[in-house]
Amino acid sequence: MDINMTEEVQNLLKDEGFKKEEIQEIIEKAESNGKKLKHKSEDTFIAKDDSENLTTYAVYTISGEGINLNNVYSHKMHIDGLTGGELHEVENDDQSEWICQKCNETALERNVDMSYMGVTRAGPAIVCPKCQEFYVSDGVAKTLKTAESILEEKRA
Amino acid sequence: MDIINKVESLCPECLRKIEGVKYVEDGKVFIKKECDDHGSFTALISNDVDHYRKMEECFDVDRKRVKAPLTDVDKGCPFDCGICPSHKQDTCLAVVEVTDRCDLDCTYCFANSSMDKSLDPDMETIRKMFETVKKCQNDPTCIQISGGEPTLRDDLPEIIKMGREMGIDHIELNTNGRRIAKDQEYFDKIASAGIDSIYLGFDGVSDDVYMQRTGKKLFDVKSEVINRCEKADIGVVLVPLVAKNYNLHETGKIIKFASNKVPTVRGVHFQPVFYSGRSPSMLEGKITIVELLEAIEDQTNGQLKVENFTPSLMPTAHCGTTCLTLVNNGEFIPLTNTSLGAAKSAFDVASKTKNSIMGRWKGSEKEKEDDDSSCCGEIIAKGSCCEKQIDVTSLDTSCSNSEGGWADFIEMSKDNYLTISMMAFQDVWSYERERVENCCIHVVTENGKFIPFCNYNLTNCKGEYLYRNTG
Ligand code: SF4
Ligand code: SF4
Ligand SMILES: [Zn+2]
Ligand SMILES: [Zn+2]
C-alpha cells in the first residue's frame, strides 16, 4: 500500500515531526482491524494510535490509486474517560458525522476528561456508543496543543 | 556532623574576613565560623538538608557578567564593591535609593530613616546614578526606585521621567503606598511619567499586622493602591516582610488575596526578615526559606507545595525560590516544580505564553468576545476553522457539559498568572561570599558604584555598616 499526499501534507508531517512510515503503519493497522471512523457520506477515515505519551490521528481517503493522506495531528493529553463517567442519553442531537467502522454505529459527540501534567479538564470528543473508543477532532487537538504548551512552559 | 563545604564569611563583631564550614546536623544546615579575636559563631541556614540539596540540584543558570566593572580588585571580596572585575553575575535589578526619609516608623527596617530632606540626592546626583546603571548593566536596564519612602519626594515624577528619557527600560517603584492612596494627582503624575510596576510593601491582610509593625491601620491604604493601579493599568507586586511572631500565619491569606487581584497583582515577593540596621530585636523572628515554604504549603492547604518552588534565576541556589502558578476560579495550578528543574524567568514565561496565545486566537478574537465567550465549543470550533475534515461547529451543543474545559483553561491562562517568590537576604551570621559574588541585586551609590544588596545592608552585631553610609 502506498501513501500519497500533497506537498502541504508532507510539510505538515515534517513540521510536526512524524515519519511517513509511522503514519503508514497506523493506517495499515486500522485497515486490517477495522478500528477507525468512517465519514457518513464520504470515503474519509480517521485512524488513531495510542502510544504512551502521544495519541496520533491520521485522516485519509481511499481511492483506486491507493491511500491519500489528508491530515495528521496528535495530542499528548491522556483521555481518562467520559466526563461524568457514563454514556447517558442527551436531549439534543449528539450524533457526529462519523461511524465507528468496527461496530457500525454512529459515533456521538461527548465530553471526555483529559489530563496532562496533573491537570484534568473536559473537552469534546467523538465516542462510539458501543466500543467507547474515543477520537479527537483536528480542531480540538489544536486547542489541546495550546493547553499542553501552557502547561509545558514550566520547562521552557 | 557532616561537612558540606568550606565557606568564606565575615566576623559578626569586626567584619573581618574569616573562614568557616557549612555542615549538617540533625538534618539541618548550619554555618560555623571562627574569628581569632572574637570566637566562634554558628548560624542556621536551612531546616531541611534534603530541600537544601534539592535546590542545588535543580539550579541552572547561564551566567553573564556586568557590561563594565566599576572598581578594581584590590582588597579582595567583599571589600572591592563594586562591581569589581571578579564579580560573577550581571545586574538583574539596580536599586536606586532617592531618599533616606520615611513616613513610617517601622519595627523592622533596614533603611536608615532620618528625616533630613537636605540629605536627599539632588537631580544631578540621581542622573549620575542612572548613568552608572546604563554603564554597568547589560540591556535591558531595570531599576527599582527605592528609599526610604520615595514618594516623600515631590519631584519623583521628574526623576522617573528622567530615567525614561535616559533610556532605562524598566522602572519599578518600591513604596509603602500611603501617598499613592491619598494623593491621586501625584499618582497620576507618576503613572504618566512612566512607571512600569509598583513594589508594594504588604505585610498582611489584617490591620493587626500593620498595627504591630507601624502602629497604623494600613490595610485599606494597600487595597486602595491596588485599585488605583488597576485603573492605571500598572502591575503590582506585593512585598511582605515575613517574621515569626509577626505575620508568618498570614502568608496563605496574602497569596489568596493576591490571587483575587490578578492580573493587576502579578506577584507576591516574600522577604524573610534579616538582621540589619534598625532591627536588632528580630533575630528570634528570623525564618529560613524552607520554613516559609512549609508555611505556604500548609496555609494554602497543599495547593502550593514546597516542591512547586524552584530556585530563582540568576544569583545562587540559596538566594531565593520562585513559583509560577495559574489561578483558575480560586484554584492554583502551579507550573513550576523542582522535579522539572528550574523555571526560566517567570515573567518571561507568562508573556511568552500570552503572546503565543494572543497570536493563536488572532482574528477570531473579536467575534468570540461578542457572543457567549465562555462557551467552550465555540472557541474550539473557531480553532478548527482551517480544517474541513470534521465539522466541529456542531460541538457547541455540548457546551453546557464542558464548562471549565480545556478551552476555558486557555482563556484563563491569558491573564491569570501569579508569581510567588522570596529572597533570603543574608546577614552577617549567614553571610557567604559565594552568594554575594553571584548577587544580581545591586544598589547604586551616589558616587557611582554598584554594591550587591546583601553587602550594602550588611552590618556587624553593633549595627555598623560595611558599605551603607560609608561613602
Ligand atoms: S561582592 Fe562582587 S563586586 Fe563586591 S567585592 Fe565581591 S566580587 Fe567584587
Ligand atoms: S541580595 Fe543577597 S540574597 Fe539577593 S541575590 Fe544578592 S546575595 Fe543573594
Ligand atoms: Zn465502536
Ligand atoms: Zn572578629
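Me: Donors are N, O and S atoms within 2.8 Å of the metal (3.2 Å for Na, K and Ca), and since water is not among the atoms, sites may look incomplete. Which residues coordinate the zinc ion (ligand 4)?

Reply: A word on conventions precedes the case. This is a predicted model, in which local features need pLDDT of at least 70 and side-chain atom pairs count only at pLDDT 80 or more, while totals for chains, interfaces and linings use all residues; side-chain values use heavy atoms, leaving out hydrogens and water. Residues are numbered from 1 along each chain as its sequence is written, and chains are lettered from A and ligands numbered from 1 in the order in which they are written. The zinc ion (ligand 4) is held by B:Cys11 (SG), B:Cys14 (SG), B:Cys35 (SG) and B:His38 (ND1), at 2.1 to 2.3 Å. B:Cys11, in the loop between strand 1 (2-10) and strand 2 (17-25) of chain B, and B:Cys35, in strand 3 (residues 28-35), lie 24 residues apart. Strands here are DSSP runs (E, at least two residues), numbered from the N terminus.

Me: What geometry does the site of the zinc ion (ligand 4) have?

Reply: Four donors count as tetrahedral if all angles lie between 85 and 135 degrees. The angles among the 4 donor atoms of the zinc ion (ligand 4) are 101 to 118 degrees, so its site is tetrahedral.

Me: Which spacing do the donors of the zinc ion (ligand 3) follow?

Reply: Along the chain they follow C-x2-C-x24-C-x2-C. The donors are A:Cys100 (SG), A:Cys103 (SG), A:Cys128 (SG) and A:Cys131 (SG), at 2.2 to 2.4 Å. This site is also tetrahedral, with angles of 105 to 117 degrees.

Me: Does A:Cys131 count as buried or partly exposed?

Reply: Buried means under 20% relative accessible area, exposed over 50%, and partly exposed in between (1.4 Å probe, protein chains only). A:Cys131 counts as partly exposed because its relative accessibility is 29%, whereas A:Cys128, at 1%, is buried.

Me: How is strand 13 of chain B joined to strand 14 of chain B?

Reply: Two strands pair if DSSP finds at least two bridges between them. Here 4 bridges join strand 13 (residues 320-328) to strand 14 (residues 331-334) of chain B, and the two run antiparallel. One bridge pairs B:Asn328 with B:Glu331. The strands form a hairpin with 2 residues between them, and B:Asn329 in the turn has a positive phi of about 45 degrees.

How values were computed:
Four donors count as tetrahedral if all angles lie between 85 and 135 degrees; four count as square planar and six as octahedral if opposite donors are over 155 degrees apart and all others between 65 and 115; anything else is irregular.
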